[in-house]
Amino acid sequence: MITGTSTAQPIAMEVSNILGEPLVDLAYDGSVEAAEDVTVGADERVVIVGSTTSSQAHLELLELQERAVQRDPDDIVTVIGYMGYSRQDKLFNPGEAVSVRAIAKALSPSTDRVYSVNPHNVSVLDYFDVPAEPIDAAPQLAEPLPDDLSDPVFLGPDEDAVWLAESVQETYGEGVVDNFEKIRHSATEVEMRADDKDFTGRDVVLVDDMIATGGTMSEAVRLISKQDTDRVYVSCVHPLLVDNALSKLSRAGVKSLYATDTIDRSISRVSAAPPIADVL
Ligand code: R5P
């Protein structure tokens, strides 16, 4: 059976549909009555899908794990759609916490294994005390693209995103992969260099793991707009979209923007459920 935090209901439902396993309410909303109706056979597994977009969502996921443990199933699998704090994966300044390590340690005792959809850095999976594997949902980002892209470039806004752009390009089946160079000055300010890249007359598909403040993608689109490109698509796996990210992107000239449903937003046009279902 599948259950999900309130932040991961669409993706949990889609996983349940694909696998034909029931989507149950283990009281994600704190309703004990609903949870009492769910019985779990000893040989059953419980798959918990959670996206930890807030402190409350982290707590919900921990509580769901605890509720699953109480039912004593054969196997408890935790699928993290979007893993909060994933960019705080090392000590950037003395005195800081490696927040994602603390989260991974907290999520380990009440599960048999973990899957994480496109964690910001795959090395964070080593922080779990149970087996933890990544899932790549980037190929899903090829789905909304029209069949007639002209001479497309699949572009990472920085070097770290190149493999994601490759994932989308391979699924689309044609085009080339490239990347800009990004220098981050602060949480909201980035500088980007295109060097001598020429995208004249081509369609460009920008791909990143997440859009948070929108600073990275806005800068990339500004650079692309200086050239006489054809269509520009902006895509990411995790549409965090904090603060005024959408306005910022719109001001930068972004017209076509889409993402997966690891975070349920208005731009979540494709589902990460198929690659999740594949590993379950
Ligand atoms: C950074 O390394 C990530 O891959 C994304 O580029 C970044 O998190 C996006 O953040 P923002 O939208 O705030 O620029």
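**Lining of the largest pocket**

I looked up which elements line the largest pocket of this predicted model, and found that α3 (55–70), β5 (132–135), α5, β8, β10 and α6 (215–225) each supply at least two residues of the lining. Helices (H or I, at least four residues) and strands (E, at least two) are DSSP runs, numbered from the N terminus. I noted that a pocket is an open set of points on a 1 Å grid over the protein atoms alone, where a 1.4 Å probe fits and protein lies on both sides within 12 Å along at least five of seven lines, and that lining residues have an atom within 4 Å of a point.

The volume of this pocket is about 1,200 Å³, where a volume is the space filled by probe spheres set on the grid points, which are joined across faces, edges and corners. The lining has 44 residues, and those closest to the centre of the pocket are Arg87, His120, Asp160, Asp209 and Met210. I sorted the lining by class into 17 nonpolar, 15 polar and twelve charged residues, with Asp, Glu, Lys and Arg counted as charged, Ala, Val, Leu, Ile, Met, Phe, Trp, Tyr, Cys and Pro as nonpolar, and the others, Gly among them, as polar. At least three lining residues come from each of domain 1 (2–137) and domain 2 (139–261), with bounds from an automatic or database domain assignment.

**Second largest pocket**

I then turned to the second largest pocket, which holds about 190 Å³ of space. Its lining has 14 residues, of which Asp230, Arg231, Val232, Gly253 and Lys255 lie nearest the centre, and α6 and β11 (232–239) each supply at least two residues of it.

**Aromatic pairs**

I searched the whole structure for aromatic pairs and found two; rings of Phe, Tyr and Trp (its six-membered ring) pair if their centres lie within 6.5 Å, and planes under 30 degrees apart count as stacked, over 60 as edge-to-face and the rest as tilted. Phe154 and Tyr172 form a tilted pair, 5.8 Å centre to centre with 45° between the planes. Phe154 lies in strand β6 (residues 153–156) and Tyr172 in helix α5 (residues 162–172), so this pair ties together parts that are 18 residues apart in sequence. Phe180 and Phe199 form a pair that is tilted, at 6.1 Å and 45°, and both residues are buried (under 20% relative accessible area, with a 1.4 Å probe and protein chains only).

**Notes on method**

Residues are numbered from 1 along each chain as its sequence is written, and side-chain values use heavy atoms, without hydrogens and water. Local features need pLDDT of at least 70 and side-chain atom pairs count only at pLDDT 80 or more, whereas totals for chains, interfaces and linings use all residues.

Key
Buried means under 20% relative accessible area, exposed over 50%, partly exposed in between (1.4 Å probe, protein chains only).
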